[in-house]
Amino acid sequence: MIPQYHQARGGPRQDRAQDRIDALERAFGPLDDPANPLGGAALLAADAVGEVPAEAERVLDDHGLNAEFVPTALGGRLERMDVLGRVLRPVFRRDASLGFGYGLNCFFAATPVWTGGTAGQRAQVARLLLEGERVAVARHEVAHGNDFVRDEFTVRPHPDGGLVVDGSKSAIANASRASGLVVFARSRDADAGARSHTVLLLDRRDLPADRVLDLDRRITDGMRSAEFGGLRLTDVRVPDSAVVGAPGGGYELSLRSSLIIRGLIPSIVLAGADTALRTVARFAARHRADGRSSLDVQHVRSVLTGAFLDLLISDSLALVATRALHLIPRETSAYAAGAAYLAPRLIAEAMDEMSAVLGEESFARDGAYGMFQKQLRDLPVTSMGHAGSAGRQVSILPQLPHFARSSWFRGPAAPAALFALDGELPPLELSRATLLGDGDPLAATLVAGADRAGGTPGDADIQARSALFVAELHELRAAFLDVRPGDRRALASPHHLGLGDRYTLVTAAAAVLGVWQGQSALGGFLADPAWVSAALHRLARRLGLPVGERPAAAEERVFTEVLDRLHGRRSYDLHASPLA
């Protein structure tokens with residue numbers, strides 16, 4: 001019987017997601033307290049020797065973090081993807097090695113089974129996770145993926161029935177600690193194309209010990225405490241029932257799984273950037289002997305403001321990508337890929353700008369500002385994914401000619417619930433997400449927002465800035481109408497890759513606009529037109545659009561919020577959650 005984990009182990013039932021998030025934050029304690037055994041100093045010391053503090057893993061054990069990755073129908077807590085993204089943030093604000101190595105990698109491994117596995121396979125993985133075991137994934141090699149993960153397993157029929165798995169992977173997260181293994185194995189020659197790989201679900205405890213060998217651990221500069229180890233299987237015989245989905249269906253299953261996984265990428269990268277921004281803001285706010293501080297310099301204020309805006313933009317993308325799986329699953333593909341592509345790029349640029357503010361302290365690996373360097377090193381690893389940025393671009397581009405012909409400037413706008421920070425959602429049905437979207441309702445939201453009458457000066461400013469993105473969408477439509485259906489060579493050109501990049505910035509503007517419109521009647525910072533005006537200006541500047549003068553008053557309002565959240569100990573995202 002599968003254990004039921006609708007409540008955290010050892011604690012009372014917690015029905016509200018915010019309660020779980022707040023409880024996890026409190027359990028870790030203040031990051032900036034040197035006496036906290038799970039504070040920044042302890043995490044930096046553990047990172048220096050490539051270890052995760054055992055006490056940090058016990059916190060996640062007590063929370064029952066693995067249950068967050070298991071659908072409620074199988075005994076876990078996973079019922080909303082936007083909530084899962086938020087639950088991960090207290091962990092990734094502290095240590096990406098802990099967040100990825102302990103749990104998120106298990107979700108990455110389980111997703112192909114949730115998506116394409118049999119009832120028995122789903123129950124098997126759920127049981128492993130809910131009993132506190134690890135599940136690891138050995139993905140297949142892709143032509144333009146990350147060299148870090150290149151090598152693979154093979155699978156072939158056995159003459160007496162069943163299958164034989166052979167080969168090795170040199171970089172599998174949690175390879176030696178995992179009981180469950182989800183293996184993408186080459187089942188046919190390379191010329192079999194999309195049907196060349198099969199997915200297998202294996203229980204390492206059932207495999208012959210003399211045919212399973214752990215290979216050396218790989219040490220990475222980022223996420224130093226995460227275990228990336230190798231695994232070799234030598235002619236291991238497994239039953240036909242180990243196949244997940246259809247034989248040869250590994251590539252499609254990988255793509256379908258990515259629709260679910262990609263929406264979480266902005267949440268984990270912005271959580272690390274939250275800590276980085278807090279570190280730099282604290283550095284800049286300190287007073288020198290003459291009573292002045294770095295905040296007296298306008299450039300420093302602008303860097304902090306811009307970084308906060310990038311986090312708000314990234315969270316808007318996270319919100320849309322995760323809630324779309326519930327509300328518009330047939331249109332989620334481009335949004336998930338775009339969010340996973342753009343958010344790490346925005347945050348990487350913000351990190352570069354903030355490092356200049358820190359100066360030589362940006363190189364510190366311990367002390368009061370050492371967490372910035374750790375987050376800077378972890379970011380490229382947390383955002384890498386299976387095929388990295390190129391894979392996400394390739395997922396977006398084939399959809400844009402279709403949008404140009406049948407959706408842009410003619411399709412319906414996205415439902416208002418897509419931009420809500422809370423509220424009920426339809427049940428999560430992972431099988432409903434499709435690889436190619438039917439339309440682009442987010443673009444229609446942008447067009448509708450630009451047509452909105454400017455009742456106040458702030459609204460009028462937003463209307464004018466939104467119109468710049470609508471004009472950009474017109475240009476994108478004209479460019480993609482020129483692409484013949486099925487012309488993949490044209491889409492692979494540098495020119496069209498650049499256009500795909502521009503499209504993601506347009507969708508980011510639409511997401512920001514949608515969030516603001518949804519909050520405008522509720523009051524608070526997100527109802528203020530200042531942040532959305534400043535965010536649209538920042539996005540338009542990246543596109544090279546004629547932005548005019550910077551919205552100085554709006555940016556000053558955003559900067560004030562940066563300091564308010566620093567001193568009030570609230571998160572730098574849409575939710576402004578309380579911090580320990």
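This is a predicted model: local features need pLDDT of at least 70, side-chain atom pairs count only at pLDDT 80 or more; totals for chains, interfaces and linings use all residues.
**View A. The strands around Phe153.** Strand 2 covers residues 153-157 and strand 3 covers residues 163-173. The two strands run antiparallel and are joined by five bridges. Together, strand 2 and strand 3 form a hairpin with five residues between them. In the turn, Gly161 has a positive phi of about 105 degrees. Strand 2 is also joined to strand 4 (residues 178-186), here by two bridges, and this pair runs parallel. Phe153 has a partner on each of these strands: Gly167 is its bridge partner in strand 3, and Ala185 stands opposite Phe153 in strand 4.

View B. Helix 10 takes in residues 332-358, a run of 27 residues. From its first C-alpha to its last, helix 10 reaches 38 Å, close to the 39 Å expected at 1.5 Å a residue. Most of helix 10 is covered, with 21 of its 27 residues buried.

**View C. Ser395 in helix 12.** Ser395 sits in helix 12, which spans residues 388-396. Is Ser395 buried or exposed? Its relative accessible area is 14%, so Ser395 is buried, as the limit for buried is under 20%. Leaving aside residues up to four places away in sequence, Ser395 touches Arg262 and Ala337.

**View D. Leu526 in a loop.** Leu526 belongs to the loop between helix 17 (494-519) and helix 18 (529-543). Leu526 counts as buried because its relative accessibility is 7%. Which residues does Leu526 touch, not counting those up to four places away in sequence? They are Leu421, Trp516, Gln519, Trp531 and Leu574. Asp214 is 312 residues from Leu526 along the chain, and the C-alpha atoms of these two residues are separated by 50 Å.

**View E. The second largest pocket.** This pocket holds about 850 Å³ of space. Rolling a probe the size of a water molecule over the atoms shows where such empty space is left. The lining of the second largest pocket has 32 residues, and those nearest its centre are Ala17, Glu79, Arg80, Asp82 and Val83. Helix 1 (17-28) and helix 4 (81-92) each supply at least two residues of the lining. Helix 4 gives the largest share, four residues. By type, the lining residues divide into 15 nonpolar, 12 charged and five polar.

Methods
Residues are numbered from 1 along each chain as its sequence is written. Side-chain values use heavy atoms; hydrogens and water are left out. Buried means under 20% relative accessible area, exposed over 50%, partly exposed in between (1.4 Å probe, protein chains only). Contact means heavy atoms within 4.5 Å. The expected span of a helix is 1.5 Å times one less than its number of residues. On a 1 Å grid over the protein atoms alone, a cavity is a set of points where a 1.4 Å probe fits but cannot get out, and a pocket is an open set with protein on both sides within 12 Å along at least five of seven lines; lining residues have an atom within 4 Å of a point. Grid points are joined across faces, edges and corners, and a volume is the space filled by probe spheres set on the points. Ala, Val, Leu, Ile, Met, Phe, Trp, Tyr, Cys and Pro count as nonpolar, Asp, Glu, Lys and Arg as charged, and the others, Gly among them, as polar. Two strands pair if DSSP finds at least two bridges between them.
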